[in-house]
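Have the model open while you read.

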Amino acid sequence: MKTTLKSLGLAAAASLVALPALAAEEVKIGVPSWTGAQAIAHVLGEIVTSRIGGTVEYVPGNNATIFQAMDQGKGDIDVHPDVWLPNQESFTKEYVDGKGTVTLSSNPYEGNQGFCVSKDFAAKMNITDIADLGRPDVAAAMDSDGNGKGEMWIGAPGWASANVNEVKVRDYGLLDFLEPIRAEEAVKTARIKDSIAKGEGYAFYCYEPHAVWFMFDVTMLTEPAYDPAKYVMVQPSDDADWYNKSMVASKDDLKQVQIAWSNSLADRSPAITEFFQNFALTAQDVSSLAFEISANGRDPAEVAKAWVEANSDRVDAMLGL
C-alpha cells in the first residue's frame, strides 16, 4: 500500500511538473491593418487556443514593426499572418535570407493585385485599362474635392504595396490626372460605397483575395503585362531615395502569400511552431473570411471560430492528426 501511495504521489508530482510545459505554449500574433491579415491572424489564434490548448495575444502592427519584433526573438510579436511576396521582399531578404531569424511557411496561397473601379462607372465611362484613368473626362468624374485631379486610393500607410502603387501612378503617366491617396482601408471601403450610391467615379487599389469582391460589383482594370525589366522596386527600408530609384511600369506578378514566424518560437512553443509549418489556406478561404468581417460586421474571433469548427478535417491535417 505504501508503495502504491508513493507511486501515486510521484505521478502527481510529475503531472504538476508537466503543467508549466503546457502553459509555455503561447504566441503573440501580429495583426496588420488589412482585413485578410486580421482574418488569418484569428484563424491561427483560434486553432492555437481551441486545438493546441495554448494562449494567444494579438498585437497590432505594420510590416516593419512585426518583422523587427520577430527578428529580435523576445516574444513581443512571434508571427506575421499575411506576408505578400514580392511586396514585402525587402523584409524577407533581410530577416529570412540574411539574418536567418525568421521562417516563411511553405504553403502559400496565390494573390493578384491591381486597380479597380465599379462596374457601373466602368460601363458609363468605357473604362477597361489603367490608361483610361488618365483621360481628362474620367479624371474629372473622379474629382470629388474640386482640385482638378481625380482621387485614387493606393493603399494604407505602412503598406509596401502602397509604395509600389505610388511609383506606378507616376510611371503610368497618371500624376497629371490623379492624386494618389493613402488612408486606412476602412476609409477606402466607405468611399467605394458612397461613390456607388451617388453614381460617382472612384478608383482604388484592389487585390484578391479580399472581401471587396463579395461586397460590391467592381472590376479590375487591365495593365501592361508583368515585365521584370519594367518592374524595379526599391522600398524605403532599403533606400531613403526609393521613389526616385524605382521604376514600375507593368502589372505586378502574381503573389505568393504565406505566414512567417520568429525562429525563437521553436524553443518556446514547439507545438505551435509545428502547426505553423503545416498551416495552409486558399485565396477563397481568405476572401470569404474577410467578407464576413468587413461586409457583415462580424467579430474576427467569431468568424475564425466558425471556420475552424466547419473545417475540422483540414485543421486536423494541419495538426498532423
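Which strand gives the most to the lining of the second largest cavity? Keep in mind that this is a predicted model. The answer is strand 12 (residues 255-262), which puts in 3 residues.

**The second largest cavity**
- This one has a volume of about 70 Å³.
- Its lining includes Ile40, Pro81, Tyr109, Val257, Gln258, Ile259 and Phe279.
- Sorted by class, the lining of this second largest cavity comes out as 9 nonpolar, 3 polar and no charged residues.

**The largest cavity**
- In total, the structure holds 4 cavities of 30 Å³ or more, and the largest has about 110 Å³ of space.
- Among the residues around the largest cavity are Trp34, Trp84, Trp159, Ala160, Ser161, Tyr205 and Tyr207.
- Helix 7 (160-171) and strand 8 are the elements that give two or more residues to that lining.
- Its lining has 6 nonpolar and 4 polar residues, with no charged ones.

**The disulfide**
- There's 1 disulfide in the structure, and it joins Cys116 and Cys206, with the sulfur atoms 2.1 Å apart.
- Cys116 sits in strand 5 (residues 109-118) and Cys206 in strand 8 (residues 203-208), so the link ties together parts that are 90 residues apart in sequence.
- The link between Cys116 and Cys206 is right-handed, with 80° about the S-S bond.
- Are these cysteines, Cys116 and Cys206, buried or exposed? Cys116 is buried at 0% relative accessible area, and Cys206 is buried too, at 2%.

Key:
Residues are numbered from 1 along each chain as its sequence is written. This is a predicted model: local features need pLDDT of at least 70, side-chain atom pairs count only at pLDDT 80 or more; totals for chains, interfaces and linings use all residues. Side-chain values use heavy atoms; hydrogens and water are left out. A disulfide is a pair of cysteine sulfur atoms within 2.5 Å. Helices (H or I, at least four residues) and strands (E, at least two) are DSSP runs, numbered from the N terminus. Buried means under 20% relative accessible area, exposed over 50%, partly exposed in between (1.4 Å probe, protein chains only). On a 1 Å grid over the protein atoms alone, a cavity is a set of points where a 1.4 Å probe fits but cannot get out, and a pocket is an open set with protein on both sides within 12 Å along at least five of seven lines; lining residues have an atom within 4 Å of a point. Grid points are joined across faces, edges and corners, and a volume is the space filled by probe spheres set on the points. Ala, Val, Leu, Ile, Met, Phe, Trp, Tyr, Cys and Pro count as nonpolar, Asp, Glu, Lys and Arg as charged, and the others, Gly among them, as polar.
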